[in-house]
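Hello,

The structure is below, and my notes on it follow. Please read them with the model open.

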Amino acid sequence: MIMTEIEVDLSTLEMLDFEHTPACEGQLHAVNLFGHQADEPAKWLMVTPCCGTKLLVCEPRRKFIIAGGAVYCGDHNRVVQADEIKFLPID
Ligand SMILES: [Zn+2]
Ligand SMILES: [Zn+2]
(Lines give C-alpha, C1' and ligand atoms only; values in the text may rest on other atoms or scores of the structure.)
(Ligands and ions follow the chains in the order given, each with its own letter.)
Protein backbone atom coordinates (compact mmCIF):
# COMPACT_ATOMS: atom_id res chain seq x y z
CA MET A 1 0.00 0.00 0.00
CA ILE A 2 1.34 3.41 -0.95
CA MET A 3 0.89 6.14 1.56
CA THR A 4 0.34 9.58 0.05
CA GLU A 5 1.22 12.56 2.09
CA ILE A 6 -1.06 15.50 1.63
CA GLU A 7 0.74 18.74 2.09
CA VAL A 8 -1.33 21.64 3.23
CA ASP A 9 0.54 24.88 3.07
CA LEU A 10 -0.49 28.26 4.36
CA SER A 11 -1.74 29.57 1.03
CA THR A 12 -4.11 26.62 0.68
CA LEU A 13 -5.49 27.27 4.13
CA GLU A 14 -5.97 30.92 3.26
CA MET A 15 -7.94 29.94 0.16
CA LEU A 16 -10.24 27.84 2.32
CA ASP A 17 -10.77 30.64 4.77
CA PHE A 18 -14.26 32.06 4.37
CA GLU A 19 -13.20 35.51 5.47
CA HIS A 20 -10.30 35.64 3.06
CA THR A 21 -10.42 38.55 0.65
CA PRO A 22 -10.14 37.26 -2.92
CA ALA A 23 -7.08 38.45 -4.79
CA CYS A 24 -7.06 40.01 -8.23
CA GLU A 25 -5.98 37.33 -10.74
CA GLY A 26 -4.52 39.78 -13.25
CA GLN A 27 -1.00 38.66 -14.15
CA LEU A 28 0.44 42.13 -13.70
CA HIS A 29 -1.56 43.07 -10.65
CA ALA A 30 1.48 42.94 -8.36
CA VAL A 31 3.40 45.40 -10.50
CA ASN A 32 0.54 47.85 -11.05
CA LEU A 33 0.46 47.50 -14.83
CA PHE A 34 -2.63 47.81 -17.06
CA GLY A 35 -4.60 49.60 -14.41
CA HIS A 36 -3.99 47.08 -11.66
CA GLN A 37 -3.23 48.34 -8.18
CA ALA A 38 -1.31 45.87 -6.05
CA ASP A 39 -3.06 46.88 -2.84
CA GLU A 40 -6.55 46.41 -4.27
CA PRO A 41 -8.46 43.16 -3.69
CA ALA A 42 -10.51 41.56 -6.45
CA LYS A 43 -13.92 43.20 -6.79
CA TRP A 44 -15.24 41.85 -10.10
CA LEU A 45 -15.57 38.59 -11.95
CA MET A 46 -14.75 39.30 -15.56
CA VAL A 47 -16.81 37.37 -18.14
CA THR A 48 -15.91 37.43 -21.83
CA PRO A 49 -17.80 35.91 -24.80
CA CYS A 50 -14.81 33.74 -25.76
CA CYS A 51 -13.72 32.52 -22.31
CA GLY A 52 -16.87 32.76 -20.21
CA THR A 53 -15.88 33.41 -16.62
CA LYS A 54 -12.33 34.52 -17.09
CA LEU A 55 -10.78 35.92 -13.94
CA LEU A 56 -11.21 38.07 -10.88
CA VAL A 57 -10.10 41.65 -11.31
CA CYS A 58 -9.62 44.65 -9.07
CA GLU A 59 -11.71 47.79 -9.42
CA PRO A 60 -8.92 49.91 -10.98
CA ARG A 61 -8.42 47.26 -13.67
CA ARG A 62 -12.14 47.25 -14.50
CA LYS A 63 -12.12 51.03 -14.92
CA PHE A 64 -8.99 50.80 -17.04
CA ILE A 65 -10.60 48.21 -19.36
CA ILE A 66 -13.77 50.29 -19.76
CA ALA A 67 -11.74 53.45 -20.40
CA GLY A 68 -9.52 51.61 -22.89
CA GLY A 69 -12.47 50.16 -24.78
CA ALA A 70 -11.01 46.69 -25.38
CA VAL A 71 -8.71 43.99 -24.03
CA TYR A 72 -6.66 41.35 -25.75
CA CYS A 73 -7.49 37.73 -24.91
CA GLY A 74 -4.27 35.72 -25.07
CA ASP A 75 -6.17 32.43 -24.71
CA HIS A 76 -8.11 33.05 -27.92
CA ASN A 77 -5.79 35.46 -29.73
CA ARG A 78 -8.53 38.02 -30.20
CA VAL A 79 -9.51 41.49 -29.10
CA VAL A 80 -12.52 41.63 -26.84
CA GLN A 81 -14.42 44.91 -26.91
CA ALA A 82 -15.20 46.38 -23.52
CA ASP A 83 -18.93 46.32 -24.24
CA GLU A 84 -18.71 42.54 -24.81
CA ILE A 85 -17.31 42.06 -21.32
CA LYS A 86 -19.52 41.57 -18.31
CA PHE A 87 -18.30 42.43 -14.83
CA LEU A 88 -20.10 40.63 -12.05
CA PRO A 89 -19.57 42.11 -8.60
CA ILE A 90 -18.22 39.71 -5.99
CA ASP A 91 -18.61 40.20 -2.27
ZN1 LIG B 1 -5.63 43.89 -10.29
ZN1 LIG C 1 -10.86 34.26 -24.51
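Glutamine 81 lies in strand S4, residues 78-81; helices (H or I, at least four residues) and strands (E, at least two) are DSSP runs, numbered from the N terminus. This is a predicted model, in which local features need pLDDT of at least 70 and side-chain atom pairs count only at pLDDT 80 or more, while totals for chains, interfaces and linings use all residues. Residues are numbered from 1 along each chain as its sequence is written, and chains are lettered from A and ligands numbered from 1 in the order in which they are written.

Glutamine 81 counts as exposed because it has 11 C-beta neighbours inside 10 Å. The classes are buried for 20 or more other C-beta atoms within 10 Å of the residue's own, exposed for 12 or fewer, and partly exposed in between, with C-beta atoms placed from the backbone. Neighbours within four places in sequence aside, glutamine 81 is in contact with Gly69 and Ala70; contact means that the C-beta atoms, placed from the backbone, lie within 7 Å. Proline 49 is 32 residues from glutamine 81 in sequence, and their C-alpha atoms are 9.8 Å apart.

On confidence: pLDDT is the predictor's confidence in each residue, from 0 to 100. Its mean over the protein chain is 89, and 79% of the residues reach 70 or more.

Three strands make an open antiparallel sheet in the order S2-S1-S5; strands pair if DSSP finds at least two bridges between them. Strands S2 (52-58) and S5 (86-89) are at the edges with a single partner strand each, so one side of each has no neighbour in the sheet. From one strand to the next the twist averages 30°; axes are lines fitted to C-alpha atoms, for helices over the stretch in contact, and angles run from 0 to 180 degrees between N-to-C directions. S1 (residues 42-48) and S5 run antiparallel and are joined by four bridges, with tryptophan 44 opposite proline 89 in S5. H2 packs on the sheet, where it touches S1, S2 and S5, and its direction makes about 115° with that of S2.

Valine 47 is also in strand S1. It is partly exposed because 15 other C-beta atoms lie within 10 Å. Beyond four places in sequence, valine 47 touches Gly52, Thr53, Lys54, Ile85, Lys86 and Leu88. Valine 47 and glutamate 84 are 37 residues apart in sequence and 8.7 Å apart in space, C-alpha to C-alpha.

The largest nonpolar core has ten residues: Cys24, Ala42, Trp44, Met46, Leu56, Val57, Cys58, Ile65, Val71 and Ile85. Such a core is a set of buried Ala, Val, Leu, Ile, Met, Phe, Trp, Tyr and Cys residues joined through C-beta atoms within 7 Å. S1 and S2 are the elements that give two or more residues to this core. Cysteine 24 has contacts beyond four places in sequence that include His29, His36, Leu56 and Arg61.

Finally, two backbone points. Asparagine 32, in the loop between H1 and S1, has a positive phi of about 65° without being a glycine. Asparagine 77, in the loop between strand S3 (70-73) and S4, has a positive phi of about 55° and is not a glycine either. Most residues other than glycine have a negative phi.

Regards

Key: Contact = placed C-beta atoms within 7 Å.
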